[in-house]
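Here is a short briefing on one strand and the sheet around it. Have the sequence and the 3D view at hand as you read.

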Amino acid sequence: MKLITIFLAATLLPTILCGQAQPKPSLEAIRTADIIKIDGFLDEEAWETAPVGSDFTNLQPVPWIKPKQKTDIRVLYNDKGFYVGGMLYDEHPDSIQMELTERDDLGNTDWIGISLDPYNSGQNGFAFLTTPANVQFDAQYSTDGYDENWDAVWQSKAVVRDNGWSVEYFIPFSAIRFPKTDVQSWTINFARGVQRNQEQSFWTPIDPNIDGYLNQCGVLTGIRDVNPPVRIQATPFLAVYGLTARDAGAGKASTGSSITGGMDLKVGLSEAFTLDMTLIPDFGEARSDDQVLNLGPFEQRFDEQRAFFTEGTELFNKGGFFYSRRVGGSNYFGSPNSQMLEGEVVVDNSQRASLYNATKISGRTANGTGIGFFNAVEQENKAVVRSIEGEEREILTNPLTNYNVMVVDQNLKNNSSVTLINTNVVREGAAPDANVTGLLFDLHNNANKYAIAGSFGYSQRFLPEETSTGHKASLVIGKISGNWTWRAKYGEESDTYDPNDLGILFANNEREFEGVISYNYRKPFLNGFFLNGAAGWDLEYSRLYKPDKFTGAETEVWVDGQTKHFWDVNFWLETSLSDQFDYFEPRVKGRFLRNPGQRNVGGWVGTDNRKAIRLSTNFNSNGYYGADRSDFYLNVNSRFRISDRLSFNAGVFRGREKNEVGYVNRATVGTDTEVYMGKRDVTSVEASLSGKYSFSANMTLNLRMRHYWSGVSYNSFHLLAEDGTLADTDYDQNHNQDFDAFNVDLIYRWRFAPGSDMFVVYKSNITDFDQQRSGGYGDSFMGLWEDTPRNGSVSLKVVYWLDYAGFIKG
């Protein structure tokens with residue numbers, strides 16, 4: 001994925017139009033009535049009539065120079081879509097890299113890519129890439145980055161020849177969005193990657209010192225008298241599951257099976273807006289979550305793995321108000337234990353809330369107005385419990401819930417934007433409802449150097465007897481283009497701001513001031529040993545919002561670069577400027593833990609990713625001023641590419657926290673609350689192994705195994721004093737912990753027709769938790785295979801893509 005980082009991640013920064021616009025190259029598309037066979041050979045006469053786009057310019061490894069290999073691009077079109085033909089010359093065709101990987105997962109390979117912005121917004125667009133091994137990659141651009149989970153159905157074919165390789169694309173107009181006008185003029189660029197040279201070159205030159213990517217691209221002309229097609233696509237699915245589960249001490253595992261079916265539906269409401277709906281969704285092919293032992297005061301954040309919630313969600317993710325894992329997540333009331341009577345046992349309890357349906361409507365008008373609407377309905381869940389007498393009753397664990405997100409995002413002059421977003425949660429019964437409204441703005445000057453951005457959020461939680469409200473606000477001013485860049489930021493969250501019904505915020509009640517300055521050097525230096533490099537300095541100062549109290553200050557310096565051997569290096573040094581005052585770890589309002597200041601040294605090194613064996617490692621070492629306390633984290637990863645079809649990745653992480661101070665318990669004494677803290681040694685190990693075998697560009701087998709272990713041993717217990725220090729206590733309960741999680745995901749995927757997939761999935765999960773002093777990683781791992789809770793599944797899922805346009809002749 002690293003090889004296309006510059007091509008896609010240029011849009012991670014807000015894009016800007018130049019104050020002094022430079023002439024941009026243009027390429028004319030030619031209408032054809034000929035039948036173009038997508039075979040990669042470009043042997044139809046129509047190709048000879050199309051103008052050639054060439055004269056590429058490097059961006060990587062050294063910008064502004066000409067690439068070593070020549071590239072020619074041509075574009076044709078008809079009423080159904082447009083064709084792109086490319087001849088990618090190579091003086092050494094036997095050295096073309098062409099690792100065979102899964103769709104949207106480019107490996108060690110050459111590639112050719114198209115960037116497209118039909119509305120000429122400079123902010124939103126599409127990317128289509130393919131490789132000599134015919135692996136496809138597509139994505140959607142936005143100012144917040146790129147969405148590689150977006151999938152379109154399009155055709156491509158590449159052929160390796162004696163003078164390089166050639167490629168043909170056909171991208172149907174139904175795969176993109178464009179304005180309804182007689183004459184089209186689209187922002188476009190073409191990019192090529194030559195992996196053995198780590199070369200990335202562009203038809204329209206890209207200046208890395210100018211903020212933004214799409215705003216620097218060229219123009220495609222010539223497309224006229226085409227109409228946005230009717231877009232109706234349905235993907236019905238059928239899934240069959242075999243399930244096993246065993247509780248600790250249960251002996252024999254229980255088994256079961258299920259059959260489920262549903263459908264995803266896409267309907268083009270206009271040339272710009274699309275309705276996406278999933279009915280009775282199934283996410284069985286999504287990867288298992290990485291469980292960890294969480295000792296902190298905040299919940300664990302899980303990555304989204306479900307396709308419906310990752311594809312085409314860039315509007316809904318603006319401002320960070322929407323955390324999709326809330327939808328169809330854990331039961332709102334959690335475990336039924338708190339509502340159970342003495343002697344009752346749980347007979348049946350679904351751990352997660354299921355969805356009836358979920359719907360998205362999104363798009364952007366020709367005037368740059370983006371509108372998004374999301375709605376999902378979550379089922380009611382009830383646990384079944386049984387008394388000693390054998391009588392059963394139901395306990396509500398999750399109410400019927402409706403989740404809603406609405407967004408309006410307006411592109412402004414100079415690639416600026418303003419966004420209004422609202423999230424809303426309505427629950428049946430006495431459970432609280434919630435609403436959050438956010439306003440974002442991002443403004444740039446005409447000179448393409450400076451920007452000012454900000455946000456405001458207002459939260460409301462409607463409880464049975466009261467309504468709780470809160471706010472957050474931030475303002476950022478910065479220089480965003482050039483070798484030197486800087487930014488100054490202020491942000492705050494009030495002590496009552498709470499977006500967590502449909503968002504995620506680990507801590508409110510904060511104020512933060514931050515200043516950052518950085519320098520990027522794009523040319524070789526130190527006698528050419530480094531191809532490029534960067535350095536920066538950061539200063540942070542934080543306080544509570546209420547009461548207004550100092551919590552900490554720290555500063556950091558960092559450097560990074562890439563060597564002429566294509567090793568990537570990054571090192572940093574961070575130090576506190578004072579003691580740190582933690583108001584969250586004690587878990588009692590108004591109380592705080594006074595931690596000594598710390599110093600952190602860290603680094604990351606990655607070897608040449610072109611090689612069959614690649615190693616990378618990163619480390620962090622923390623020391624605390626005046627305290628017998630330290631942390632050390634080491635992560636080592638290796639990639640073994642056995643062939644262009646088979647590769648393995650192995651990684652080991654080890655963290656050791658000596659005498660870490662954390663919350664253990666509290667007690668009420670009269671009108672006071674006593675908080676007990678513990679000094680503990682925490683050792684965590686995570687070992688993972690993944691492998692992939694590609695039978696073809698449309699058929700892959702992926703394996704992922706992960707074992708996580710964390711052992712916690714307490715050395716002493718202390719009473720938290722009012723000044724945040726630790727006092728002596730006779731408290732002496734057992735809080736040692738030993739936690740293991742072992743996961744296996746084996747996924748076979750076959751794309752047997754355009755947009756249609758068959759999945760065969762095996763999953764296994766084993767967890768073990770004990771409140772005892774750990775005997776170490778080895779003992780804990782061996783104990784996993786004893787009488788521990790586990791569950792597993794085997795599933796077959798078939799998804800078939802139906803397109804209305806495919807039934808229309810002409």
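Strand β4 (residues 71-77) is mostly covered, with seven of its seven residues buried. Buried means under 20% relative accessible area, exposed means over 50%, and partly exposed lies in between (1.4 Å probe, protein chains only). Helices (H or I, at least four residues) and strands (E, at least two) are DSSP runs, numbered from the N terminus. This is a predicted model: local features need pLDDT of at least 70, side-chain atom pairs count only at pLDDT 80 or more, and totals for chains, interfaces and linings use all residues. Residues are numbered from 1 along each chain as its sequence is written, and side-chain values use heavy atoms, without hydrogens and water.

**Two faces of β4**
- In a regular strand the side chains alternate between the two faces of the sheet.
- Thr71, Ile73, Val75 and Tyr77 point one way from β4.
- Asp72, Arg74 and Leu76 point the other way, and all of these residues are buried.

**Neighbours of β4**
- Two strands pair if DSSP finds at least two bridges between them.
- Strand β2 (residues 30-31) runs parallel to β4, joined by two bridges.
- Arginine 31 has tyrosine 77 in β4 as its bridge partner.
- Strand β5 (residues 81-89) pairs with β4 in the antiparallel sense over seven bridges.
- Glycine 85 in β5 is the bridge partner of arginine 74.
- A hairpin of three residues links β4 to β5.

**The whole sheet**
- Five strands make an open sheet, ordered β2-β4-β5-β11-β10, with mixed pairing.
- β2 and β10 (155-161) are the edge strands, each pairing on one side only.
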